[in-house]
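I wanted to look up the charged side chains in this structure. The entries below are in the order I took them.

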Amino acid sequence: AEMERTFIAIKPDGVQRGLIAEIISRFERKGYKLMAIKLVVPTKEFAQKHYHDLKERPFFDGLCDFLSSGPVLAMVWEGEGVIKYGRKLIGATDPQKSEPGTIRGDLAVVVGRNIIHGSDGPETAKDEIALWFEPSELVSYTSNAEKWIYG
Ligand code: DAT
Ligand code: MG
């Protein structure tokens, strides 16, 4: 299998609303493997680094205030096609446009409180994993289920 890794974070609204287990279970049941996980309250400066691509957007300041407003559950998930399909599980950026069955479609209502982040491509996945985690925090292990998921 062509394994890839993506950075997934449950934002402060998802944590405060008690949606951690619900969200993790969707990635876990799909067949992806959890490589790293931690609960952190990012500083505003850290949030600005995470969202640096959006610094010219009018909502950038509010977005960074929001991300640094409480605990964020940061994770790395591994699997074949996990970057692109992880985004499908998450749904469109604006929950008003997310399909039912997606995380944002089922669990969020407005774009400013869309509960979850997922890397949008291989380069951002690599950069975001490196920003949020030390290499030693990534746990490599053999999953017993792997041969049943990939054949
Ligand atoms: P995504 O999180 O789906 O990758 P993005 O990278 O374009 O979306 O934007 C990052 C976050 O910024 C997004 O999850 C919510 C917020 N955001 C995006 N567009 C917005 C808008 N028009 N108004 C308010 N917040 C917005
Ligand atoms: Mg994005």
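I started with a network of salt bridges that links Arg5, Lys33, Glu78 and Glu146. I took a salt bridge to be a side-chain nitrogen of Lys or Arg within 4 Å of a carboxyl oxygen of Asp or Glu. The model is predicted: local features need pLDDT of at least 70, side-chain atom pairs count only at pLDDT 80 or more, and totals for chains, interfaces and linings use all residues. Residues are numbered from 1 along each chain as its sequence is written, chains are lettered from A and ligands numbered from 1 in the order in which they are written, and side-chain values use heavy atoms, with hydrogens and water left out.

Entry on Glu78 and Arg5. I found a salt bridge between the side chains of Glu78 and Arg5, at 3.0 Å from N to O. Glu78 is in strand E3 (residues 72-80) and Arg5 in strand E1 (residues 3-10), so this pair ties together parts 73 residues apart in sequence. I used DSSP runs, numbered from the N terminus, for helices (H or I, at least four residues) and strands (E, at least two). Glu78 has a relative accessible area of 11% and is buried, while Arg5 has 31% and is partly exposed. My cut-offs were under 20% relative accessible area for buried, over 50% for exposed and in between for partly exposed (1.4 Å probe, protein chains only).

Entry on Lys33. Which residue does the side chain of Lys33 meet in a salt bridge? It is Glu78, at 3.9 Å from N to O. Glu78 lies in strand E3 and Lys33 in strand E2 (residues 33-40), so the two tie together parts 45 residues apart in sequence. Lys33 counts as buried because its relative accessibility is 10%. I also noted that a polar atom of the Lys33 side chain lies 2.5 Å from the backbone oxygen of Tyr141.

Entry on Lys38. I then looked at Lys38, which forms a salt bridge with Glu137; their closest N and O atoms are 3.1 Å apart. This pair links distant parts of the chain, with Lys38 in strand E2 and Glu137 in the loop between H7 and helix H8 (146-150), 99 residues apart. Glu137 counts as partly exposed because its relative accessibility is 30%.

Entry on the total. How many salt bridges does the rule give? I recorded a count of 8 salt bridges.

How values were computed:
A polar contact is a pair of N or O atoms within 3.5 Å; within protein, one must be able to donate a hydrogen and the other to accept it, and residues adjacent in sequence count only if both atoms are side-chain atoms.
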